[in-house]
Amino acid sequence: MKDTAFQCPYCGVGCGLYIDDKGKVKGDSLHPATKGDLCKKPLYLPEAFDKGRITAPLFREAKEKPFKEISWEEAYRIIEQKLKTIPPDKTYFYISGQLLTEESYIINKFVKGFLKTNNIDSNSRLCMATAVTAYKMAFGSDGVPCTYEDIDDADAFIFAGSNAAISHPVLFKRVLRRRRESEQVLIITIDPYETETARKSDLHISIRAGTDTVFFNSVLYTIHREGWVNFQFVDGYTEGFEEALKYAEKFPPDIASSICDVPEEDIYLVAKVFAQSKKLISFWCQGLNQSLNGVMKNLSLINLHLATGRINEKGCPFSLTGQPNAMGGREVGYLSNGLPGYRDVRSEEDRRFMENFWKTEGIKPMPGPSITEAVDLITEGKIDLLWVVCTNPLVSLPSTGKVEEALKKVFLIVQDAYWNDSCELANLILPAAQIGEKEGTMTGSDRTVTFSRQFRYPPGEAKPDWLIFTEVAKRMGWEESFNYRSAVDIFEEFKRATRGRLCDLSNLTYARLPSRWGKRWLYEDLKFATESKKAKFHPARFEIPQDRGSFLMMTGRMKDQWHTMTRTGKSPSLLKGELPPYIIMNPDDARELGISEWDRVVIRSKLGEAERIVKFGKIKRGHIFTPFGYPREFADPINRLVSDRCDPLSKEPDLKFTAVDIIPAGKNINWCEEDGRRPFKHGRSRQP
Ligand SMILES: Nc1nc2c(c(=O)[nH]1)N[C@H]1C(S)=C(S)[C@@H](COP(=O)(O)OP(=O)(O)OC[C@H]3O[C@@H](n4cnc5c(=O)[nH]c(N)nc54)[C@H](O)[C@@H]3O)O[C@H]1N2
Ligand SMILES: Nc1nc2c(c(=O)[nH]1)N[C@H]1C(S)=C(S)[C@@H](COP(=O)(O)OP(=O)(O)OC[C@H]3O[C@@H](n4cnc5c(=O)[nH]c(N)nc54)[C@H](O)[C@@H]3O)O[C@H]1N2
Ligand code: SF4
Ligand SMILES: [Mo]
């Protein structure tokens, strides 16, 4: 085997990697965006390639029955028969930001163009939908305005609701490298918890969860009061400043400081950094996105960039992409409203274009329901078939009690590389090839498209996702429109749909990748993608859930594990450093409840309970933090406790704000040997 290049299948940084002739994963120093850097997670991919895989299609008509192995031919026939008898609007497709671009494109063509329903959503709804909405409202499109190169000469960085040190490690390392180069460089982290990112910053602002909109509004107020607004930029290139400022004036620093529970000086300092730094990049992620007022949180931060002209050579509002191909998913339009090339089903012109392009007709103009709405529709008996691809909803969706009921009720197809918890409720399971077992492209956070080559065979009967979709399409009678010999044919078709669009990939070929689409600065000439070509301020309204409970539970990530752990959980090397399922608690809060470190507690919300052990940490009083992704064999699902209320504009669920009570549950006899640091047992698989 020779060296084979591929993109890391984990976070949105999109590191270029290769696997060498001995089967070791290394950083690809020729990759233009990440230049050979990488973190720990992909190093252990080979340990997990073959553990707990699904290797053949499995079927059972009734959920109480055991699965039996069937052939692909039988599996396709079952799907064909279902799709030909169930009305399209009673089917639903739930896909993922971890699919290759070619795969997302094909399933969208299949569903929106040929099955003719917009009943499709991606797990990015739980992740990027808020940032997408806010970017579109402010700039008219949702591409990230700058690139990683901008880190190398910036002198101020803000991480708001982002634990990039563990979530986007290679990007964070680049920021730290920049700081080592110059004493002027300042890193500020805004997070209720002193995360690794906060510890490595110059200033940690420990904000009360849910109140970022107030904080940033107050910063805008201060910038204005101090005479720091860049009116040349505001007047020349933006609209709506007055309205945004008028709303921000409700939050002078003394009021904001008590709502956010932060010192007034910190508000002043952030205002000053916006006004006086040379170049400022603010990075944000799920602490802003997954909130009831998530779009407003995003806009309140973007407003600051507009008020001080911090774009292009002066800075960037940089939304960190979670999954490795959430950007590619946006390019193909994989949420329930999207169409390829940053198009939208609501636009007649966009629909007509895609209908001509696909040689079809009748694309529906109304966006389909989001995934949390679809769960309700299933419960109400309005959706009969759910096809889940490359995501694990039984663990990662909010209100898993409700999700479980829905998955039990619906005819469930799970298409996954590994056996996961959602498989337990499936009727039909389709074995998918994973990264390295198929080829295709993904786009990282800074718009760099990377081609991943194949370097191993899929186990058993597993097939690339795109092939599964095209085989079904052919049986549906759409042979001519889905007649691809390989991924490259799909890419060549897709890229033509982007010609002349903001995300124009039409000059890229597999041979020329990795390469970035768009200019270094998406809005180089300060002409934005809005109708007036101006960027837009929005009054960033503050709203917070009025839940009752003695603690606020925030949920998030583990350093060496990826979400629901189907792959990273199979690597003994990656499990070694992780604690058994825990919460982070402030020691003073714990003492008041008579809880010692490593004790067991029950966390209770109005939706359910879960047990965890307690680890002490510097977290704001009244807040706890816990990772969300443990498979059910390790722990009670935390998302059973989390409500499915959503941001009204983006329909992204509020996953970071759950009112809970903590009930001491005694000493930790199960886990605590000496200091409780007994690591996970090696991940098992319950595959039948
Ligand atoms: N409480 C709480 N809940 C959350 C979050 C939170 O912060 N708090 N975060 C949310 C966010 S941002 C996200 S992105 C989601 C993530 O949630 P999920 O998407 O459910 O998590 P993953 O474990 O990444 O699931 C990916 C699945 O794809 C499979 N897979 C890997 N490669 C392939 C492939 O090539 N083809 C196919 N078909 N399958 C493959 C894996 O085995 C796995 O089962 O969770 C969300 N849920
Ligand atoms: N190791 C690892 N890396 C990953 C992933 C993984 O599973 N594991 N998943 C990837 C994906 S899909 C995503 S989306 C990203 C997510 O990356 P991040 O968003 O960085 O990760 P989270 O832990 O979900 O949340 C970040 C922080 O938000 C804080 N927070 C909660 N509520 C608030 C609030 O109201 N205000 C503020 N300011 N902060 C708040 C939490 O304390 C937490 O530290 O990570 C990606 N990278
Ligand atoms: S930083 Fe993200 S993309 Fe890069 S190697 Fe780590 S997980 Fe993979
Ligand atoms: Mo995500």
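Two strands, β17 (411-416) and β23 (551-556), each contribute at least two residues to the lining of the largest cavity in this predicted model. Strands (E, at least two residues) and helices (H or I, at least four) are DSSP runs, numbered from the N terminus. A cavity is a set of points, on a 1 Å grid over the protein atoms alone, where a 1.4 Å probe fits but cannot get out; lining residues have an atom within 4 Å of a point. Grid points are joined across faces, edges and corners, and a volume is the space filled by probe spheres set on the points.

By this rule there are eight cavities of 30 Å³ or more. The largest has a volume of about 660 Å³. Its lining comprises 39 residues, of which Gln98, Cys390, Thr391, Trp562 and His563 are the closest to the centre. This cavity lies between domain 1 (58-126 + 326-516) and domain 3 (551-664), because both give residues to its lining. The domain bounds come from an automatic or database domain assignment.

The second largest cavity holds about 560 Å³ of space. Among its 45 lining residues, Gly161, Gln286, Gly287, Thr555 and Lys656 are the closest to the centre. Two or more lining residues come from each of α5 (164-167), α13 (286-289) and β23. Domain 2 (129-319) and domain 3 (551-664) both supply lining residues, so the second largest cavity lies between them.

β23 pairs with β28 (residues 658-664) in the antiparallel sense over three bridges, and Leu552 stands opposite Ala659 in β28. β28 also pairs with β25 (residues 600-605), antiparallel and over four bridges; here Val602 stands opposite Ile663.

A three-stranded open sheet has the order β19-β20-β21 with antiparallel pairing. Its edge strands, β19 (440-443) and β21 (515-516), each pair on one side only. Four bridges join β19 to β20 (residues 448-452), with Thr441 opposite Phe451.

Residues are numbered from 1 along each chain as its sequence is written, and chains are lettered from A and ligands numbered from 1 in the order in which they are written. Local features need pLDDT of at least 70 and side-chain atom pairs count only at pLDDT 80 or more, while totals for chains, interfaces and linings use all residues; side-chain values use heavy atoms, leaving out hydrogens and water.

Definitions and conventions:
On a 1 Å grid over the protein atoms alone, a cavity is a set of points where a 1.4 Å probe fits but cannot get out, and a pocket is an open set with protein on both sides within 12 Å along at least five of seven lines; lining residues have an atom within 4 Å of a point. Two strands pair if DSSP finds at least two bridges between them.
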